[in-house]
Amino acid sequence: MATIEECRAALEKLSDNMAGAEGDVRAAAALERSVSCHITDLDVTFAGRMTGGRLEVDETLPGPPRERAQIRLAMAGADLLALVDGGLSFAGAWGKGRVRLEASLLDLFRLRKLL
């Protein structure tokens, strides 16, 4: 099982990857949206924003998200680490129910280039 610190580091790495993206991926990363990532096995939520092509985590909160972010993710900590490190494909994890993603339809179309 991943730790809170490992999950935060994975989100920072994801942010760095987004900032270094090019082309269509860069355009998708340029969304300005509130984001929450609930780590189900740790029952902790990272809340923040996608802004300026990066993911900025502002808070680490116990339990599920308190407010409804525009982009909402939920997964186990180990799955977050595997997704960011490239050991798990987002499409495969989403298809098997290991990752949940909720957002507006327009945002989902934009985000598919990132994922």
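Reader: Why does H38 count as buried?

Author: Glad to start there, with a reminder that this is a predicted model. The relative accessibility of H38 is 10%, and buried means under 20%, so H38 counts as buried. H38 belongs to strand β1. Its C-alpha atom is 8.2 Å from that of A76, although H38 and A76 are 38 residues apart in sequence.

Reader: What makes R33 buried or exposed?

Author: R33 has 17% relative accessibility. The cut-off for buried is under 20%, so R33 counts as buried. R33 lies in strand β1, which covers residues 33–39.

Reader: Which residues are linked with R33 in a network of salt bridges?

Author: The network links R33 with D107 and R110. For R110 and D107, the closest N and O atoms are 3.9 Å apart. A salt bridge needs such atoms within 4 Å, so the pair of R110 and D107 qualifies as a salt bridge.

Reader: Why are R110 and D107 separated by about one helical turn?

Author: Because R110 and D107 are three residues apart in helix α5. As for accessibility, D107 is at 3% and counts as buried, while R110 has a relative accessible area of 34% and is partly exposed.

Reader: How many salt bridges does a search of the whole structure find?

Author: The search finds six salt bridges. One of the pairs that meet in a salt bridge is R54 with D16, at 2.5 Å from N to O.

Reader: What parts does the pair of R54 and D16 tie together?

Author: R54 lies in strand β3 (residues 54–62) and D16 in helix α1, so the pair ties together parts that are 38 residues apart in sequence.

Reader: And why is D16 called partly exposed?

Author: Partly exposed is the class between the two cut-offs, under 20% for buried and over 50% for exposed. D16 has a relative accessible area of 45%, so D16 is partly exposed. R54, at 31% relative accessibility, also counts as partly exposed.

Reader: How do you know that E102 and R72 meet in a salt bridge?

Author: Their side chains come to 3.3 Å, N to O, and the limit is within 4 Å, so the contact of E102 and R72 is a salt bridge. This pair links distant parts of the chain: E102 is in strand β5 (residues 99–102) and R72 in strand β4 (residues 71–75), 30 residues apart. R72 is at 13% relative accessibility and counts as buried. E102 has a relative accessible area of 38%, so E102 is partly exposed.

Reader: Now the helices. Why are α1 and α3 described as roughly parallel to each other?

Author: The axes of helix α1 (residues 4–19) and helix α3 (residues 77–85) cross at roughly 30 degrees. Angles under 35 degrees count as roughly parallel, so α1 and α3 are roughly parallel to each other. Their axes come within 9 Å, and the crossing is left-handed.

Reader: What is the phi of D43?

Author: D43 has a positive phi of about 50 degrees although it is not a glycine. For background, most residues other than glycine have a negative phi. D43 is found in the loop between β1 and β2, and D43 is partly exposed because its relative accessible area, 40%, falls between the cut-offs of 20% and 50%.

Reader: One last item: which residues form the nonpolar patch on the surface?

Author: L105, L108 and F109 form the patch, with about 290 Å² of accessible area together. L108 sits in helix α5, which covers residues 105–111. With a relative accessible area of 30%, L108 is partly exposed.

Key: Residues numbered from 1 in each chain as written. Predicted model: local features only at pLDDT ≥ 70, side-chain atom pairs only at ≥ 80, totals over all residues. Heavy atoms only, no water. Patch = residues over 30% accessible without salt bridge, like charges linked within 9 Å, V, L, I, M, F, W, Y side chains within 5 Å. Areas by Shrake-Rupley, 256 points an atom, 1.4 Å probe, with all protein chains shown as cover. Helix = DSSP H or I, 4+ residues; strand = E, 2+ residues; numbered from the N terminus. Buried < 20%, exposed > 50% of the residue type's maximum accessible area, 1.4 Å probe, protein only. Axes fitted to C-alpha atoms, helices over the stretch in contact; angles between N-to-C directions. Parallel < 35°, antiparallel > 145°, perpendicular 65-115°, else oblique. Left-handed = near helix turned anticlockwise from the far one by under 90°.
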